[in-house]
Amino acid sequence: MVSLGDAKEIESQIIADNMADDGNTKSSLVENSRVTWEGCSVLLDINDGDRLVFARLSAGATLKIGNKNYSLKHLINCPFGSVFSVETGSEGSYLTRSSPSSLEGKNNAQENNGCESKKDESLSKDNRALVDDNKAQTLTGEDIDAMRREGVTGDDIVEALIANSSTFENKTLFSQEKYRIKKQKKYAPKVILRRPVARSICEAYFKKYPSRIGFLRVDTLSLLLSFANISANSEALVVDMVGGLLTGAVAERMGGTGTGQVCSTYLGKTPYSIEIVRIFNFGNDICKSILKASLQDLMTSSSSTENGSLDQNDNGTGGDDSSNMKGVQGGLLHQNDQTPDGTSQVMRSCNKSVNKAGQKAPKEAIKLWKENGFSSLIVAAPDLDTWSLVKDLLPLLSNSAPFAIYHQFLQPLATCMHNLQLEKMAIGLQISEPWLREYQVLPSRTHPFMQMCAFGGYILSGTKICSSSSI
């Protein structure tokens, strides 16, 4: 039997535990939420990949589609994966979320139309008799503007264009669908709200600005993480000269504080920019696991470290990314990175947590890394000499630690592999060339893409061993 006093004590303890759980939930809201919030970074997919834009959601943020700017305030507090369309109201054009039921109805209608048209394939339509003289469309631009002023939706405008086209019915099924998609992109654009993760970020950069990430393709990035055995509780050493994409992917795979750390090292006194890490929407836990330390600090002895060699770069690492911010932010990145005055508390906490990513590594962490060594190494430094860099980095690893080195060209990796074999510093050395083929998957039209990049760089992987000379 439980007395009344014991019951009250148990109840108070449960309430205290629930309050603690609520605090932990709020602290990890930015990391685990499936719904957007004010201040988060999102990837906007316009018209099924025609344009990929990173944006930071706020009440004053806008997105330019065509010749008009649309407010992004309607995208706040919406689930990732939502589809938005353009509608016209009393306040002008704006983005509104499309309901799943309406999307399913449109897809079913298109499938039914396709089935009906397939029944009429015996008519053997072709486009040989069609003449493109700009006289097939009877609907003028003034008529379309009038329909927009009356509040007609973009889908209705597309149907009106199809109904007023004198050659639409004479086209083949494929030409009709191509015409419909072309008009829909112009008069009824669609915006998909995507979550920025390692894959989506890498694909967006590779499609638009591949040079900013060293032409690192998404399958190559996946192989790098696999060859280096990145997992929870890893202590990864990263040389990231691709804007922070590699650092963010490693931290995302680890999962946060308590499950490993990421050390982004650099040569000299100025850290390499890891601005892309801000797009991942990492919470405080993951941001605290991303640290920076210069290669000189990691290679110096413990005595010189205690005498203040670590303090030489305090000023250099304090504002780590502000000086290199302009090189990464053009074009594809955030269009609205300025925080408005009416910033919510969630947005402030998000920005505050993001700024903690890439802080200077404490002396205790550097001491542990020197004593135990790193568990893995990943290098993506196309601007540095590969062998000279790897020769200094491998002694920082623990024995039997895997490593993976990416380079756009083969010769630097071949030279590095040859020298590693001569110095007997590693075993299991191999150079891999990733190969990826993208396919278009459509009814009766499944084939490889006509235009795709067949080159994905090279990866040198292996396992560090203890040489006989050091025993």
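**Exercises on a predicted model**

Helix 17 (386-393) and strand 13 (402-407) each contribute at least two residues to the lining of the second largest cavity. Helices (H or I, at least four residues) and strands (E, at least two) are DSSP runs numbered from the N terminus. The model is predicted, with local features requiring pLDDT of at least 70, side-chain atom pairs counting only at pLDDT 80 or more, and totals for chains, interfaces and linings using all residues. Residues are numbered from 1 along each chain as its sequence is written, and side-chain values use heavy atoms, without hydrogens and water.

**Exercise 1.** Identify the element that supplies the largest share of the lining of the second largest cavity.

*Solution.*
1. List the lining (residues with an atom within 4 Å of a point on a 1 Å grid where a 1.4 Å probe fits but cannot get out): Val379, Ala381, Leu384, Asp385, Thr386, Leu389, Ile405, Tyr406 and His407.
2. Strand 13 gives the largest share, three residues.

**Exercise 2.** Describe how strand 3 and strand 4 are arranged.

*Solution.*
1. Strand 3 (residues 62-65) pairs with strand 4 (residues 68-71) in the antiparallel sense, over four bridges; pairing requires at least two DSSP bridges.
2. Leu63 faces Tyr70 of strand 4.
3. Two residues separate strand 3 from strand 4 in a hairpin, and Gly66 in the turn has a positive phi of about 70°.

**Exercise 3.** Locate Lys135 in the chain and relate its position to that of Thr167.

*Solution.*
1. Lys135 belongs to the loop between helix 3 (100-119) and helix 4 (141-149).
2. In sequence, Lys135 and Thr167 are 32 residues apart; in space, their C-alpha atoms are 9.7 Å apart.

Methods
1 Å grid on protein atoms, 1.4 Å probe; cavity = no way out; pocket = protein on both sides within 12 Å on 5 of 7 lines; lining within 4 Å.
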